[in-house]
Amino acid sequence: MGNHRGDILCILRDEGPQSRASLARRSKLSATTLTHVTAALLQDGAVLESEIAETSGIGRPGQAIKLIPDAFHVAGIHLGAGLVQIAITDLTANARATASFDYSVRDTPPDEVVARAAEALASLLDEAGHPRLLGVGVGVPGPVNADQRSILTSINTGWRNLPLAEAFEAKTGLPVVLEHNVSAMALAEVRYGIGRRVPAVLYVYLRTGLGAGLVVDGLPFRPGGHGAVELGHIQISHHGPLCSCGNHGCLESYVNESVLMRAVGLEGSAPNDLMQRLESTDAWGPTVNRLTDSLAIAVNLLTPDLIILGGHLGEAPDGLFSHLLKNLPPRVMPHMRDVLRIERTHFGALSGAIGGAAVALDHFFYSGIRP
Ligand SMILES: [Zn+2]
């Protein structure tokens with residue numbers, strides 16, 4: 001019944017309340033199977049049956065099956081290089097409680113980061129009155145292995161082949177699934193944000209490094225079960241600065257938080273308006289040109305319908321968007337020029353934690369696993 005259950009839950013999530021007849025049509029399940037599935041969902045308290053007008057507006061109101069968003073919750077954790085964000089969300093990725101903390105990448109071993117994140121989650125659960133959690137999704141700063149239990153490599157933290165899911169499970173007592181953190185952000189937009197019903201979404205995130213994530217036809221693009229879209233490591237100059245990946249002249253070696261902080265004459269932790277401050281400096285032109293060059297390559301290779309900008313790029317002034325909208329289309333294949341949209345993230349500063357929650361919801365609820 002697992003997949004049938006997941007199918008029905010996804011229809012209710014994406015299309016709202018449905019009559020049994022409509023659910024049967026959309027899911028292509030037999031009446032008997034549908035009756036079994038909905039009975040189990042009603043019993044678990046994940047859905048309810050209520051009176052609702054038929055969507056055609058013709059005829060008397062009928063009974064409809066409806067998801068109960070706060071029937072269960074999940075936790076989303078964003079593990080960035082130097083930043084952890086946590087959110088407890090309902091079944092539609094609405095945040096009910098959030099927390100965050102910074103850590104020093106150089107001085108904090110990964111097990112300590114996990115322990116601090118688990119403590120922060122425990123405090124949030126206290127605050128939120130201990131809602132029933134189905135599991136935890138953790139967005140990690142690098143590609144993950146095929147079973148989403150380990151981070152393979154993270155050049156900005158130096159972590160390699162770490163079984164982080166196991167470490168989080170030991171500290172939280174909850175089931176845990178990992179995803180590349182920017183892929184998780186892209187997934188959240190596709191399921192619950194501005195990427196709904198968009199065939200291919202490319203998410204570009206600037207903070208410590210420049211990361212990207214791609215979701216195609218509703219699934220994170222993870223070739224071989226472990227790949228990632230390494231937009232930040234497109235080499236744009238043979239003689240450029242040494243990149244943290246070991247190569248020279250990668251996009252990320254020019255466009256990263258510490259380089260941009262130096263350009264605006266700041267030290268310490270980056271302000272939210274970093275890109276706005278950059279706009280009035282000499283570094284603005286080269287920065288947006290490098291971003292445009294690299295995005296043109298990404299669009300021609302990956303054909304996203306929508307590019308979503310997050311992190312410092314999500315807070316960038318309108319000048320960045322108008323530059324991209326003017327200069328990107330002429331650089332990409334003609335059929336992509338009319339299709340391509342560029343938007344700010346729907347989830348603002350919470351995009352990482354909501355990304356983790358979206359991964360958890362996919363794995364622990366909408367997959368059809370019985371809560
Ligand atoms: Zn690199």
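Take a salt bridge here as a side-chain nitrogen of Lys or Arg within 4 Å of a carboxyl oxygen of Asp or Glu. By that rule, this predicted model holds 14 salt bridges. One of them pairs E257 with R207, with N and O 3.9 Å apart. E257 sits in helix α8 (residues 257–263), while R207 belongs to the loop between β10 (200–206) and β11 (210–216), so the bridge spans 50 residues of chain. Both E257 and R207 are buried.

A second pair, D318 and R344, comes to 2.7 Å, N to O. Here helix α11 (residues 318–327) supplies D318 and strand β14 (residues 341–344) supplies R344, so parts 26 residues apart in sequence are tied together. D318 counts as exposed because its relative accessibility is 59%, and R344, at 30%, counts as partly exposed. Salt bridges with shared partners also link R13, D14, R191 and D362 into one network. Within it, D14 and R13 meet at 2.8 Å, N to O. With 34% relative accessibility D14 is partly exposed, whereas R13, at 14%, is buried.

Turning to the sheet, five strands form an open arrangement in the order β5-β4-β3-β6-β9, with mixed pairing. β5 (95–102) and β9 (176–180) are the edge strands, each pairing on one side only. On average, neighbouring strands are turned by 15° against each other, direction ignored. Strand β6 (residues 133–140) runs parallel to β9, joined to it by 5 bridges; V136 has V176 of β9 as its bridge partner. Helix α5 (residues 164–172) packs on this sheet, touching β3 (73–80), β6 and β9, and its direction makes about 140° with that of β9. Helix α6 (residues 181–192) also lies across β3, β6 and β9, running at about 95° to β9.

Conventions. Residues numbered from 1 in each chain as written. Predicted model: local features only at pLDDT ≥ 70, side-chain atom pairs only at ≥ 80, totals over all residues. Heavy atoms only, no water. Pairing = 2+ DSSP bridges. Helix = DSSP H or I, 4+ residues; strand = E, 2+ residues; numbered from the N terminus. Axes fitted to C-alpha atoms, helices over the stretch in contact; angles between N-to-C directions. Contact = heavy atoms within 4.5 Å. Buried < 20%, exposed > 50% of the residue type's maximum accessible area, 1.4 Å probe, protein only.
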